[in-house]
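Open the model in your viewer and keep the selection tool handy.

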Amino acid sequence: MTELNFTTAKLFSAANKIIEAYHKVLMPLCKETGLPPVAIDILMFIANNPENNTANNICRNRGLKSGIVSVHVDRLVNEGYLVRENLPNDRRKTLLVCTEKSQEIVDRGRKLQKIFSQKICENLKDDDLKAFHQCMEKIDENIEIIRKVGI
């Protein structure tokens with residue numbers, strides 16, 4: 001195997017920079033709605049991933065602490081952007097569902113997400129993007145194995 005020329009610190013730094021840049025792109029929407037970036041991020045995650053619409057899935061997939069998710073979900077529910085629904089066959093789980101009121105924010109957020117994706121991939125060749133996607137798929141598989149069984 002080829003010696004890796006990056007460290008865990010570089011990976012975490014890159015991940016944090018991506019999140020910071022993403023939140024900067026969301027800022028105009030945040031200012032207009034009065035919602036903080038993390039709340040918009042949670043709303044967008046639920047809208048884009050309805051199969052993962054529980055607080056636990058948000059925590060796991062977005063790397064957020066449960067207390068943070070709880071605060072923002074409460075606000076989104078109180079302001080009418082989300083509703084909580086009990087899962088009929090498992091009342092311990094609460095599903096989070098976007099409301100009609102959230103649709104305009106979600107639509108605008110999706111446009112901003114598309115712009116963000118295009119901007120971060122600017123000046124990359126198709127072959128580079130294809131290789132990147134293949135690498136990310138394999139890295140994601142490896143991460144899931146580590147999460148389940150460790151190293």
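In which helix is methionine 136 found? Select residues 126-149: this is helix α6, and methionine 136 is in it. Helices here are DSSP runs of H or I with at least four residues, and strands are runs of E with at least two, numbered from the N terminus.

A word on the source: this is a predicted model, where local features need pLDDT of at least 70, side-chain atom pairs count only at pLDDT 80 or more, and totals for chains, interfaces and linings use all residues. Residues are numbered from 1 along each chain as its sequence is written, and side-chain values use heavy atoms, with hydrogens and water left out.

Now colour methionine 136 by accessibility: its relative accessible area is 40%, so it counts as partly exposed (between buried, under 20%, and exposed, over 50%, with a 1.4 Å probe and protein chains only).

Next, show the largest pocket, with a volume of about 2100 Å³. A pocket is an open set of points on a 1 Å grid over the protein atoms alone, where a 1.4 Å probe fits, with protein on both sides within 12 Å along at least five of seven lines; lining residues have an atom within 4 Å of a point. A volume is the space filled by probe spheres set on the points, which are joined across faces, edges and corners.

Select Ala15, Ile18, Met136, Ile139 and Ile143: of the 39 lining residues, these lie nearest the centre of the largest pocket. Helix α6 gives the most to this lining, eleven residues.

Last stop: the second largest pocket, at about 190 Å³. Select Thr54, Ala55, Asn56, Thr94 and Leu96, the closest to its centre of the 15 residues that line it.
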